[in-house]
There are 4 protein chains.
Amino acid sequence: MPDGANRAGHWVLTLVCTDRPGIVHAVSGAIVDAGGNITESQQFASLDTGMFFMRLQVEAATDRETFQAKLAPVTDRYGMTWTLDVVGRPLRTLVLVSKAGHCLADLLFRQRAGQLRVDLPLVLSNHPDLAGLAEFYGVGFEAHSVVSPEQKLAFERRIIETIDEHDIELVVLARYMQVLSPELCERLQGRIINIHHSFLPGFKGANPYRQAHARGVKLIGATAHFVTGELDEGPIIEQNVVRVDHSRTPAELMAIGQDEESRTLTQAVTWFAEHRVLLDGQRTIIFR
Amino acid sequence: MPDGANRAGHWVLTLVCTDRPGIVHAVSGAIVDAGGNITESQQFASLDTGMFFMRLQVEAATDRETFQAKLAPVTDRYGMTWTLDVVGRPLRTLVLVSKAGHCLADLLFRQRAGQLRVDLPLVLSNHPDLAGLAEFYGVGFEAHSVVSPEQKLAFERRIIETIDEHDIELVVLARYMQVLSPELCERLQGRIINIHHSFLPGFKGANPYRQAHARGVKLIGATAHFVTGELDEGPIIEQNVVRVDHSRTPAELMAIGQDEESRTLTQAVTWFAEHRVLLDGQRTIIFR
Amino acid sequence: MPDGANRAGHWVLTLVCTDRPGIVHAVSGAIVDAGGNITESQQFASLDTGMFFMRLQVEAATDRETFQAKLAPVTDRYGMTWTLDVVGRPLRTLVLVSKAGHCLADLLFRQRAGQLRVDLPLVLSNHPDLAGLAEFYGVGFEAHSVVSPEQKLAFERRIIETIDEHDIELVVLARYMQVLSPELCERLQGRIINIHHSFLPGFKGANPYRQAHARGVKLIGATAHFVTGELDEGPIIEQNVVRVDHSRTPAELMAIGQDEESRTLTQAVTWFAEHRVLLDGQRTIIFR
Amino acid sequence: MPDGANRAGHWVLTLVCTDRPGIVHAVSGAIVDAGGNITESQQFASLDTGMFFMRLQVEAATDRETFQAKLAPVTDRYGMTWTLDVVGRPLRTLVLVSKAGHCLADLLFRQRAGQLRVDLPLVLSNHPDLAGLAEFYGVGFEAHSVVSPEQKLAFERRIIETIDEHDIELVVLARYMQVLSPELCERLQGRIINIHHSFLPGFKGANPYRQAHARGVKLIGATAHFVTGELDEGPIIEQNVVRVDHSRTPAELMAIGQDEESRTLTQAVTWFAEHRVLLDGQRTIIFR
């Protein structure tokens with residue numbers, strides 16, 4: 001949890017490129033050149049894809065343009081995909097929900113408590129149930145019925161409008177119980193996170209707690225993952241499990257599992273907002 | 001871990017029957033009648049199958065015949081499936097292995113340390129690699145090549161001979177890397193335990209660590225389960241997981257996962273030997 | 001999590017007496033006599049104190065007086081301390097807080113979600129900060145300054161009044177940052193629970209996260225315990241820990257630890273409300 | 001777990017100095033100059049002590065002298081304390097034991113399995129009990145009675161002789177149940193690790209499981225720490241806990257805790273052998 005949000009000139013930089021020698025020296029050279037001091041640094045070279053990943057936090061009393069200009073020769077030379085942001089800047093985030101409030105409640109509580117750096121301009125839902133919760137935290141809330149195909153289409157248009165209107169950087173499915181269209185998944189790729197209420201790849205699809213009960217597993221879990229066109233198959237960001245025993249009914253498994261869902265999703269969103277999540281093919285790099 | 005092994009008259013009793021009122025009173029009455037004192041008692045009524053399960057530990061200065069005679073009217077009246085054993089009596093156990101020694105090493109170490117009450121007259125293997133480990137602990141070891149179908153048949157015959165010869169009560173597949181024939185699975189049903197090196201139902205079949213790496217899971221695990229004719233589908237006894245991150249290769253996942261495999265299998269065998277594992281359809285009741 | 005709250009005639013019974021043979025049979029006989037069916041049963045005989053502890057859930061279409069009358073001969077004969085309650089009846093609970101809202105937020109959320117069966121007529125605080133949170137959940141809230149000894153005395157009188165007025169069965173210190181007087185501790189013994197923000201007995205007293213940082217521990221934790229006259233020395237009900245590393249500041253440890261505090265306290269209150277917590281000298285029996 | 005042991009030119013470098021800007025660039029420059037490629041890099045700036053810590057893995061087809069010569073100007077300029085080693089080189093390690101074999105068994109098993117890169121020329125003990133275990137793994141074993149002060153002195157002289165004779169780099173107290181003299185602790189500072197069978201700082205001193213039982217804790221644990229002159233007060237390297245309940249006797253707690261002891265100690269030794277443990281005052285930096 002970085003506390004540098006209010007510190008002038010605390011930057012977070014992510015870099016991805018094909019792995020080859022000299023990258024660290026070149027990058028650190030540009031940072032020295034910008035008058036910066038590296039306060040956090042993590043790197044990883046993927047044997048699977050041959051890519052090199054880096055995340056840096058840098059203290060530098062400079063503005064974005066100057067900093068970028070210093071970095072440009074290096075990012076160009078190595079063909080880097082990169083991001084540069086201010087540490088602690090709240091990410092503009094749109095949350096989608098249905099009826100279950102535990103994930104939304106946790107996101108809102110932590111956002112309010114200052115532990116989760118996101119701006120939450122709006123919650124969109126296909127049910128009105130959670131309006132009061134959003135209202136308590138002073139967050140906008142819209143509910144639209146999503147039963148017919150036309151309504152589904154209209155809801156997805158509303159999502160896109162909201163993204164444009166509020167310049168949304170991340171969409172979070174906080175137990176939104178509708179499958180999004182492949183087009184929308186494609187459009188939002190790499191910036192839409194779902195919480196699935198099982199320990200994937202076990203129990204994909206509907207009613208995972210019922211499946212878990214039937215199979216008699218001894219641990220149940222939750223998985224936060226990027227959404228892709230393939231249901232419950234996107235890159236995994238975080239997973240947690242909790243021990244259960246034979247005496248639990250499916251309904252009890254669901255109640256027990258909700259804690260894991262909340263903390264798993266909140267953790268994934270927190271890491272994403274801190275630029276700690278990078279994609280390496282179908283896998284994620286998490287720089288904790 | 002009961003320490004009553006050497007205490008005269010410490011009994012463990014398991015009972016299974018269709019659930020209906022009065023069972024506890026009837027059973028406890030028979031125990032009082034036998035001069036017994038209940039020191040541990042667990043019960044469970046399954047909503048899935050309508051069955052009632054009970055495990056009791058009873059101190060009673062009586063012999064088996066007398067005790068059984070006192071219980072018979074109750075077990076008859078309720079149509080109970082039941083077992084009666086002395087607490088801490090070592091279970092006669094046959095272990096099957098291949099090349100990987102971590103599970104066998106853990107079983108042998110704990111058996112020697114007195115934490116796992118089993119008798120291990122023999123280890124059977126399709127490779128000679130672990131002979132020295134068995135020898136160190138003074139346990140018999142036989143290796144037979146299992147490459148051709150004939151050899152497989154002969155090996156399974158040797159398993160059955162061993163079971164008869166040593167009056168084996170439990171067969172443990174401690175990373176035995178061969179699929180047993182459906183006939184043998186059937187014959188040993190309910191008394192043969194396998195350790196699978198993944199968190200089932202995720203990653204069934206071969207190379208689970210490679211699958212786990214490819215899918216990018218954040219926790220890997222192990223599952224001890226009863227063996228049935230359907231590969232990796234038998235009732236689950238115990239599961240554990242451990243956190244991993246993106247930096248782990250499949251080979252490293254395998255090394256990390258071995259600890260979970262060992263402790264998961266040893267735990268399952270310990271519970272089984274203590275008559276703590278009962279079957280409720282495809283699920284297990286574990287009276288810990 | 002029992003779901004029997006609305007089921008007519010679902011009872012929970014706890015019994016404590018000196019251990020001797022025949023207790024289970026005597027109790028189950030009285031239950032049969034009352035037309036009851038035991039649906040859950042747990043027992044423990046303490047080697048430390050020689051006491052016997054039992055918790056039963058019983059389905060019986062009877063009223064309290066009849067049930068008690070059936071039990072009376074047994075509870076009298078064995079000199080039992082006992083309680084008889086309806087499964088799922090909400091426990092009347094008073095919560096005390098100061099400024100930190102994470103524990104109160106969790107209690108309120110779970111109470112609202114139906115996972116925690118308590119009635120919360122009032123929250124008392126020495127600071128006004130959490131008034132809005134209580135209000136959102138429709139729970140009364142009173143704040144009184146507690147700076148001078150006189151104010152402290154007045155505050156404790158208000159606690160006692162509230163207990164009397166609302167017939168309070170449990171007092172919860174949800175990060176109430178004042179030490180209660182020995183007299184009040186004594187008066188509420190066995191029905192007042194505190195959350196301490198460390199893994200007791202490590203880091204008693206003030207600023208446990210600062211202490212944890214200084215000592216360089218690799219896990220931080222929280223402890224829910226009964227309050228006694230001796231600070232942070234009462235019987236422990238539940239503990240949890242979470243892994244941390246060298247990079248965490250005391251402020252970050254505090255933020256990380258709050259999750260453990262919330263879930264540990266909520267768990268302890270849940271168990272207490274379900275009559276799962278019994279006292280065995282300085283230790284607790286938890287019938288989960 | 002680095003697998004680069006046999007790869008020519010895979011180096012591990014640790015650096016400690018007062019924190020100031022430009023360190024990363026200076027170090028990476030020297031590495032580029034030596035023809036090296038950074039494959040792993042971790043750093044930490046301590047707010048407590050103002051020190052900067054770095055651990056690097058570098059692939060470089062160079063010899064030690066050349067590499068050192070390239071690094072010297074940087075390490076000199078910044079006044080760095082540093083180490084340079086080959087990744088995966090086995091650390092020469094002396095193990096001290098008494099009667100309990102679980103920690104030694106785990107160290108030996110993992111060393112043999114190639115998971116723990118240490119050379120174990122000798123095990124020293126004050127009891128002969130574990131001679132057979134050492135022999136099985138082909139490791140030398142000496143037992144000397146340590147009852148009188150003279151014997152204790154002689155034993156410590158034998159420790160020092162062994163260290164000199166085998167050029168020992170790390171001493172491991174694997175449940176060695178004697179307190180070492182302050183002189184020896186001082187002499188071996190920073191290269192002697194103990195396993196304490198409690199979750200420090202709780203339950204220092206003797207019989208921690210008995211203390212844990214008396215206090216009624218719900219989790220028991222183990223702590224691997226550097227040995228200093230103050231008993232059980234040295235910098236903590238690793239800690240683990242496991243859940244227990246009221247039904248456990250002190251003897252059972254001990255049996256349950258042994259697993260945590262073994263894996264905690266083995267983990268600490270593994271990290272130390274991989275140069276992942278650095279000292280920051282009374283705290284450790286662990287670059288996992």
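Author: What follows concerns two interfaces in a predicted model.

Reader: Why is the pair A:Glu233 and B:Arg215 called a salt bridge?

Author: The closest N and O atoms of A:Glu233 and B:Arg215 are 3.6 Å apart, and the rule asks for a side-chain nitrogen of Lys or Arg within 4 Å of a carboxyl oxygen of Asp or Glu, so the pair qualifies as a salt bridge. Across the interface of chain A and chain B the rule finds 4 salt bridges, whereas across that of chain B and chain C it finds 0.

Reader: What makes chain A and chain B count as being in contact, and how many residues does each give?

Author: Contact requires heavy atoms within 4.5 Å, and 37 residues from chain A and 37 residues from chain B take part. The area buried between these two chains is about 3,100 Å², with 54% coming from carbon and sulfur atoms, and there are 22 residue pairs in polar contact, both residues being at pLDDT 80 or more. On the side of chain A that touches chain B, the largest share, 7 residues, comes from β11(A).

Reader: How do you know how much area chain B and chain C bury between them?

Author: Buried area is the accessible area that two parts lose on being put together, summed over both, and for chain B and chain C this comes to about 1,300 Å², 57% of it on carbon and sulfur atoms. In chain B, the residues that lose the most area to chain C are B:His25, B:Asn37 and B:Gln43, together 38% of what that side buries.

Key:
Residues are numbered from 1 along each chain as its sequence is written. Chains are lettered from A and ligands numbered from 1 in the order in which they are written. This is a predicted model: local features need pLDDT of at least 70, side-chain atom pairs count only at pLDDT 80 or more; totals for chains, interfaces and linings use all residues. Side-chain values use heavy atoms; hydrogens and water are left out. Buried area is the accessible area (1.4 Å probe) that two parts lose on being put together, summed over both. A polar contact is a pair of N or O atoms within 3.5 Å; within protein, one must be able to donate a hydrogen and the other to accept it, and residues adjacent in sequence count only if both atoms are side-chain atoms. Helices (H or I, at least four residues) and strands (E, at least two) are DSSP runs, numbered from the N terminus.
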